[in-house]
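The sequence and the model are shown first.

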Amino acid sequence: MPSGKEVFDLKILHTGDVHLDTPFSDLDPERSLEMRRELRRTFSAMMKYAADTEVDMVLIAGDLFDNELVTRETVALLRRDFSALSCPVVISPGNHDCAGPSSVWARELMPANVCVFTDAELNYFPFDDLGVDVYGFAFTSKFMPSCPIGGLRVQDPGRINILLAHGDTTSPISQSCPMPPAMLRGFGADWCALGHIHNPAAANAVLEGIGAYCGCPMGRDFGECGDKNATLINIEKDAGGVHVSTEALSFAKYAFRTCDVDCTGLFDTAAVCDAAVSAVRGYGFGAGDLVRVNICGSVDPSVRIDTDFVAEKLRFLKYAQVRDKTSPTWNAESLLADKGIRGEVYRVLLPKFESGDEGERETAAQALRYALSALAGEL
């Protein structure tokens, strides 16, 4: 779009927090290697979308890499994918891929269409053919206790002004560039394309239309469950003002998910298996999902749930992790009435079962199971 037009119209692909070369250390070696490859494939799918739909710009809001030890394979992938784009790519390094003196960003490995902020001070890249100024900065170490945009404003309000930043809008004492929403509003950008928060729904709601986190394009563990996305941003600006619309785009084939299975009153692992399979299928989980199944509810103290056996019955999933979160308090009246050691152990632990602390409840459940097993001669 030539500079000087009365109407500016811009289409942008916004991503970040990709964390290429994540080790996926919670998974077995074969599956972790597969997931690292899938993360690269997801990134390439985003860049192919950008090329095929001819977006005007790609914005990457930090943490493109998981750490400074970037593999040659990943660098080659980026060079290939970025070179295939006919538009500029702008990157604002974050706390995981900070622009230190030995970083990838300091080695001039990227193609000519890639613009990378490498200074902790606010700067901007002007794109006169688009009528756009993209402001940003870089983490140059793991921590950034203050934000460089504080007290500053965009230089030319007549252009489309975008802030591309990796930082934390949720905590004023964050060590990862605290950016209170009021600070962002004061800066005066038409849109703030943000990175750092992987599950951004709550943070985005507070921003109230001044910008958004893109989240991560693919979950990496059970703390990042559900479908993940990049964002397509459309910005129109004329004398009447600015209109911004966004669309979530999904590129990952796999997702981490969790479900709770209530096994209250069940008396053996076979029944728990049936309940788990039924619940997982009821949630609609399938072959592309990595699922954590929490076996919950109240069971008889004598019940021993074989979580590995339950996981084997869920092998139709990409990966299943089964956790026993049950409480051994089903039909426990007999233990309460027991005048012997078994009853005394239960009565001592009973307040722990009623605790508001989940860890304390789990510890009490384990203690009761071990104690009853020992008293029954099973240990």
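Why does S32 count as buried? S32 counts as buried because its relative accessibility is 7%, where buried means under 20% relative accessible area with a 1.4 Å probe, protein chains only.

## Basis

The model is predicted: local features need pLDDT of at least 70, side-chain atom pairs count only at pLDDT 80 or more, and totals for chains, interfaces and linings use all residues. Residues are numbered from 1 along each chain as its sequence is written, and side-chain values use heavy atoms, with hydrogens and water left out.

## S32 and helix 1

S32 sits in helix 1 (residues 29-52); helices are DSSP runs of H or I with at least four residues, strands are runs of E with at least two, and both are numbered from the N terminus. Beyond neighbours within four places in sequence, S32 is in contact (heavy atoms within 4.5 Å) with P23, F24 and L27.

Strand 1 (residues 8-15) runs parallel to strand 2 and is joined to it by four bridges; pairing requires at least two DSSP bridges. V58 is the bridge partner of L13.

Strand 3 (residues 89-91) is also parallel to strand 2, with three bridges between them, and V89 in strand 3 stands opposite V58.

## R292

R292 belongs to strand 13 (residues 289-296). The side chains of R292 and Q321 make a polar contact at 2.6 Å.

Definitions and conventions
A polar contact is a pair of N or O atoms within 3.5 Å; within protein, one must be able to donate a hydrogen and the other to accept it, and residues adjacent in sequence count only if both atoms are side-chain atoms. Buried means under 20% relative accessible area, exposed over 50%, partly exposed in between (1.4 Å probe, protein chains only).
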